Amino acid sequence: MALSKRIIKETERLIADPVPGIQAVPHEDNLRYFDVKIDGPAGCPFEGGKFSLELFLPDEYPMSPPKVRFLTKIYHPNIDKLGRICLDILKDKWSPALQIRTVLLSIQALLSAPNPDDPLATDVAKHYKEDERDAQRVSKEWTEKYAK
Amino acid sequence: MARVPRSFRLLEELEKGEKGIGDGSCSYGLEDGDDILMTHWNGTIIGPGHTVHENRIYSLKIECNENYPDAPPIIHFLSRVNIPFVNQTNGKVDPTRLAVLANWNRNYSLETVLVEIRREMAASQNRKLPQPAEGSTF
Amino acid sequence: MRADVEHVVSIFGLDQDSARMLLRDYNWNSERLIEKYMDNPTEVQIKAGLQNPKGAPSSVTPIAQPTTTRRSTRKSTAPISPVATKFVCPICCDDEPPATLSLQCGHQFCSNCWAQYLEGKVREEGECTIRCMENGCSLLVPDSFIKQHGGTPVYDRFEELVMRHYVAHIAHLKFCPAPGCTDTVSCRAAATKSALETMVPAVTCSQGHTFCFGCNVDSDHRPVLCRIARFWLKKCQDDSETANWIKTNTKECTKCQSTIEKNGGCNHMTCKKCKHEFCWVCMGPWVDHGTQWYSCNRYDDKAAIDARDAQSKSRISLERYLHYYNRWANHEQSARLSADLFAKTEKKMEEMQLTTELTWIEVQFAKKAVEEVLRCRTTLKWTYAMAYYLEKSNAKELFEDNQRDLEKAVEDLSELLESPIEPETIPDLRSKMTNKTVYVQKRNEIMLEDTANGFKEGRWTWNETVTL
């Protein structure tokens, strides 16, 4: 299937003008499927980690949001054991004016601003609510263990 | 149509399986909720009515390797069952003897496979085959 | 719906679109909307997405500033090639789109993308609250914009969604649940939950489908209250009851394992399937019993007596339930059989109409009778559910008298329906059946009216199972 102009342009720009700390490279055999690397933002327990993700643009893109998942294990209240992400813009708040780069930036921002009130991983969220300091310690441990 | 990569395809299947499929006579889920590669799955088939399988619950082990869904999953029965396409020593489903696996197509899913196996159980040549004791395993 | 919109339009001098959008935001509660709008129109408009708050939207993509003119001609800068001066649709990246459109916010996109977006929202997501495509812009797409740019099928579906939204939020309105029926029924009396404690709101739509306005348990479960009907059905669905029943009332043939129900008579059983003869009590082959026809020696064994005692305890409560359940189920089944029978009768009548002098009108009497029988059997069915939960009292006795009268009348009419139809007997049959139908109808009315009054007067007392 011919790739839409939009996807081609987005891909070109992602490569020519990458966002600092974010890398997205399409698979050679499937140009809708991207390997993504996000650097953990400074000043949060994920700092220094390099997180792998995968991103897929479904047929309906950009009318429907891209599908994104973490491949690196991460201790975060809005990301579950299978790497699924709970983020409004990936669901009902999706706007076709959003792009791959804005989505990835939002995910990066989610790392520094976890939201335990809207959890996907309930046990992690509980931990964050009850003892944030200890939860952050675990997040940091996991970053050291899995994201290096 | 865009080719949905393996992992997003399996996530879709997982979500469908969690919601429950059809009339509940077939179900499946991840063997280990931590399995980020989503390779190992469990399946359950409730034996079709008016056959020797009626009221029996069959457990299966399903492996979706890196080639899924381009290649079919590898299926093993854990519960003992006597059907021609199931190896009687280890419970493995012979992919050459089950049409849905032999003529695999990328659009088939774990649900398709389980539903097809259940349909085979009710097929005229299989519905009356003598069965091993209920609850025995391979 | 139209009246509500007009009302808001006339009070605030708004256009139709705005009024509809505001009402939707307030879930069609026009009083609350009017009150709030009086207080602070700007706030209400912002909340409903009729205008953007000042300084909004905060958007990641560089995009034109909001302008106040509709259909702004100002070109937005495309996010992907920020230096371009020519318009490039930020959604599809088409640099030569057929047309560009924007809402009041000025966020420009090409007409193709708008159409695709509206179609996706309306047809796939079933949304009637659609916002500007720009990220973070909460401006609502006006109805007229959808009409103009979404295409007819999309707009028709949108109107349907708005209608559904309206009906869903108006307590005294409901869609007819019959498949394929699009009729809406209004029932103000049953608009509150507490009303359902004293009435059964059986309603009929303009297409003739009867349904309960208060619940979706059964199309017409009069005279039983929704809550009690639900209770009853749940009990009947409970597998344990059925299992209990099977355990108490059936045994398996010792030879072929067929399930056998003993429905009275002596203990000498002969399996219908394999003709095996055995004793119901000891389950042994009958031949061992020799000539003792009506009793089994082993009946008096201690073990057998104990077993029977245990069984009888569970039977007491079970039998009470079964008494009502069997009658309940019987009416349901009889209704089905009557319907089947009527299909045959109708055919015969059609034939008769061709072979005799009788006119179409004259052969219609059986149809009326069958319809009445079906209606009454539904009532009777539910009276048994009601009786199960009724505490023993004089009121209950009167209830059961009415029930018995209705039942007797219905059975008589049913019997008439089964009598053979011959051309010579038709006039006689017709007058009998017509009379009986009228009588049955009256009995049914009495039954329903009396129970309904009982609810109003608080005449019915329930046994503990319902008050829990």
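In chain B, residues 24 or more positions apart account for 46% of the contacts with a separation of 6 or more, two residues being in contact if their C-beta atoms, placed from the backbone, lie within 7 Å. The model is predicted, so local features need pLDDT of at least 70 and side-chain atom pairs count only at pLDDT 80 or more, while totals for chains, interfaces and linings use all residues. Residues are numbered from 1 along each chain as its sequence is written, and chains are lettered from A and ligands numbered from 1 in the order in which they are written.

Chain B contains 3 helices and 4 strands, arranged along the sequence as α-β-β-β-β-α-α. Helices (H or I, at least four residues) and strands (E, at least two) are DSSP runs, numbered from the N terminus. Of the 138 residues in chain B, 27% are buried, that is, with 20 or more other C-beta atoms within 10 Å of their own.

Chain C has 14 helices and 10 strands, and 29% of its 468 residues are buried. Among its contacts between residues at least 6 apart in sequence, 53% join residues at least 24 apart.

The largest nonpolar core has 70 residues, of which Leu55(A), Leu22(C), Leu23(C), Cys89(C) and Cys113(C) touch the most other members. Such a core is a set of buried Ala, Val, Leu, Ile, Met, Phe, Trp, Tyr and Cys residues joined through C-beta atoms within 7 Å. Helix H5 (residues 111-124) of chain C supplies the largest share of this core, 5 residues. Beyond its neighbours within four places in sequence, Leu55(A) is in contact with residues including Phe34(A), Val36(A) and Ile100(A).

Conventions
A residue is buried if 20 or more other C-beta atoms lie within 10 Å of its own, exposed if 12 or fewer, and partly exposed in between; C-beta atoms are placed from the backbone.
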